[in-house]
Structure formats: structure tokens, C-alpha cells
Amino acid sequence: MKVHEVNSTKVTEFLILGFPALNYYKLPFFSIILLMYSMTIGENLLIILLVSTSQHLLSPMYFFLGHLALSDIVLVTIIVPKMLDIIIRGGSTVPYVGCLTQCFFYGGSVCSQCSLLTAMSYDRYLAICRPLHYISIMSVKLRYSLIISPWMLGFMMALITIVLICGLEFCGPNVINHFFCEFAPLLELSCSDTTVLNIEMIVICFPIVALPFLFIIITYIYIFITIHRISSNSGRQKAFSTCSSHLVVVSFFYGSMFVIYMVPYRGHSLTVNKFISLLYIVLTPLLNPIIYSLRNKEIQSSAMKYFQDHAKNWL
């Protein structure tokens with residue numbers, strides 16, 4: 001640990017332990033995480049590429065899906081490369097500034113995903129419950145507003161948190177028993193009063209997590225009521241298929257978030273916290289493109305056409 005002798009010892013870097021229990025299996029574990037990370041980047045880049053170039057994927061739903069893929073790339077890239085270093089070394093140090101930078105981009109991307117998933121649920125609500133007004137309401141201007149606002153709001157809230165963390169003092173120890181610079185274990189290391197930050201986190205969670213989740217629940221209540229009123233079975237199945245992928249992704253994301261941030265961090269829940277964090281940081285961004293592509297014939301056909309066209313050019 002590097003120190004500066006002012007009036008007290010100040011931490012200038014943090015030691016992140018990662019997964020000490022898996023040190024004997026670090027090579028297989030490293031290989032699995034690296035493979036999942038590579039697949040995640042490839043899948044989400046493919047989604048962005050298809051949404052950007054395909055004439056069949058011009059609807060607002062795919063516009064939002066492209067930005068969700070971008071958010072997934074930001075999330076895994078800010079966490080996983082350093083996590084791989086931590087796994088292979090059996091623990092690794094992160095500079096103070098690097099730790100805060102990781103916290104900022106992690107918090108910003110998670111907050112953005114909450115808002116993006118909310119915008120996607122509103123899009124599905126309009127498409128199913130108000131189909132005749134869908135195109136007029138979901139204008140290009142509204143689309144960009146629903147995209148720009150989540151990114152700005154997410155990173156603005158993350159910046160507020162980081163500014164407050166910068167006001168804290170860290171006098172030691174400097175060991176974070178996690179695989180990245182997560183807010184809760186970082187605050188536990190501070191020798192300052194963290195009451196204001198804890199209150200701020202609760203206040204932020206309400207508009208960023210709780211309200212969007214409540215909005216998604218309300219929109220899906222209306223969606224299910226509308227689907228139930230459709231007379232034909234084929235009509236109901238078609239309507240449900242347009243929102244089922246989004247519903248699965250929302251369940252994965254918010255399920256993980258609620259387990260992590262509502263289960264007490266201290267004590268016996270530490271291992272559970274790491275495991276659930278690993279699921280939604282590594283597994284969820286990997287599964288999102290798969291879930292959408294498996295349930296969506298337009299994405300499948302666009303991907304097939306893209307590869308066929310490029311295969312002809314290569315040949």
C-alpha cells in the first residue's frame with residue numbers, strides 16, 4: 001500500500017481480492033470468463049451493427065435494443081478486463097483514481113440500463129395497447145429523448161455519488177473483498193462519516209431503480225390486460241411474443257439488482273453478493289442478445305442476410 005505522510009496514513013490504491021476460494025481453479029475460471037466476455041462483445045456489436053445497417057430493423061424497438069447493447073458493452077468492459085487480471089494474479093491493486101473511475105462508469109451504465117429498460121417497456125405498451133397511435137406518439141424526437149435522457153441521467157447520478165466519495169478519507173485498510181470497486185465495500189473502508197452518502201444512495205435508488213421498476217410493472221399490467229382481451233389465440237401469441245424478450249431481460253436485470261442491493265451486504269451474504277454480481281455483470285449482457293435473437297425472426301433474418309452478403313463478397 002502506498003502512503004503519504006500528512007497527518008495520517010492515506011490510501012492511494014486498493015487491493016481487490018477477487019475470488020480467493022477459486023485460486024486453485026483460476027486458469028479454468030479465467031478461460032470461462034474470457035470466453036464469455038469475448039462472446040458478449042461480439043454479440044452486442046453484432047446487434048448494434050444489424051440495427052444500424054438493416055432496413056428491416058428500423059422500428060423504435062430495435063433502436064432501443066441497439067442502445068441497450070451499447071450499455072452492455074460499457075458495463076462489461078469497465079469491469080471484466082480488470083477482473084481477468086485479478087483472477088489470474090489471485091488479487092490485484094487498483095489506484096484510487098482508477099477505482100473511482102470504475103465506480104463512475106459502472107454506476108452510470110447500470111442507471112442507464114434501468115432507464116433504457118423503462119423506455120423499452122413504454123415502447124411495448126404503445127405498440128400493444130395503442131397501436132393506432134404508436135407511430136405518431138413514438139416519433140423520432142421522442143425516441144432520441146428517451147435515449148439521451150437515460151445516458152445523461154445515469155452518468156449525472158453516478159457523478160454526484162463520485163463527488164461525494166471524493167470527500168471521504170480512506171486511512172486503511174485498503175482491501176476490497178470483491179472483484180471490482182463496488183460502492184458498498186468501498187464505503188466500508190472509509191474512515192469518514194458515510195451517513196450522507198448512504199442517504200444519497202437511497203435517495204438515488206428511488207428515482208433510478210424503484211420508479212422505473214414500478215413503471216414497468218404498471219405498463220405490463222396494461223399489456224397483459226390488452227393481450228387477454230384479444231379474441232384469437234394466434235393474436236394473443238403474436239402480441240405476447242413482441243414483449244416476452246424484454247420481460248425476460250427485465251426479470252434477469254432487476255432480479256439481480258434487488259438481491260444485491262436489498263440483501264444486507266455484511267456477513268454471510270458476501271459470497272452471495274459476489275455470485276449475483278457476477279451473474280448480472282457477465283452473464284446478463286451475454287444472454288441479452290441471445291434472448292432477443294432467439295425470440296425475434298427479424299433479427300435472425302437480418303443476421304443471416306448480413307452474413308450471406310459478406311460471404312459472397314469474401315468468395
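Buried means under 20% relative accessible area, exposed means over 50%, and partly exposed covers what lies in between. C171 has a relative accessible area of 26%, so C171 is partly exposed. The model is predicted. A search of the whole structure gives two disulfides, and with the bonded cysteines numbered in sequence order the pairing is 1-3, 2-4.

**Disulfide C99–C181**

- The sulfur atoms of C99 and C181 are 2.1 Å apart, and the two residues form a disulfide.
- The disulfide of C99 and C181 is left-handed because the torsion about its S-S bond is about -125 degrees.
- C99 sits in helix α3 (residues 96–129), while C181 sits in the loop between β3 (175–176) and α6 (183–188), so the pair ties together parts that are 82 residues apart in sequence.
- C99 and C181 are both buried.

**Disulfide C171–C191**

- C171 is joined to C191 by a disulfide, with an S to S distance of 2.1 Å.
- The link of C171 and C191 is right-handed, with 55 degrees about the S-S bond.
- This pair links distant parts of the chain, 20 residues apart: C171 is in the loop between α5 (140–166) and β3, and C191 is in the loop between α6 and α7 (195–229).
- C191 has a relative accessibility of 43%, so C191 counts as partly exposed.

- C129 is in no disulfide either, and the nearest cysteine sulfur, in C243, is 9.0 Å away.

**Second largest pocket**

- The volume of the second largest pocket is about 540 Å³.
- Its lining holds 23 residues, and M61, Y62, R124, T242 and N296 lie nearest the centre of the pocket.
- Elements that give two or more residues to this lining are α2 (60–89), α3, α4 (134–137), α8 (233–262), α9 (270–295) and α10 (297–314).
- Helix α8 supplies the largest share of the lining, six residues.
- By residue class, the lining of the second largest pocket has eleven nonpolar, six polar and six charged residues.

How values were computed: Residues numbered from 1 in each chain as written. Predicted model: local features only at pLDDT ≥ 70, side-chain atom pairs only at ≥ 80, totals over all residues. Heavy atoms only, no water. Disulfide = S-S within 2.5 Å. Helix = DSSP H or I, 4+ residues; strand = E, 2+ residues; numbered from the N terminus. Buried < 20%, exposed > 50% of the residue type's maximum accessible area, 1.4 Å probe, protein only. 1 Å grid on protein atoms, 1.4 Å probe; cavity = no way out; pocket = protein on both sides within 12 Å on 5 of 7 lines; lining within 4 Å. Points joined across faces, edges and corners; volume = space filled by probe spheres on them. Nonpolar A, V, L, I, M, F, W, Y, C, P; charged D, E, K, R; others polar.
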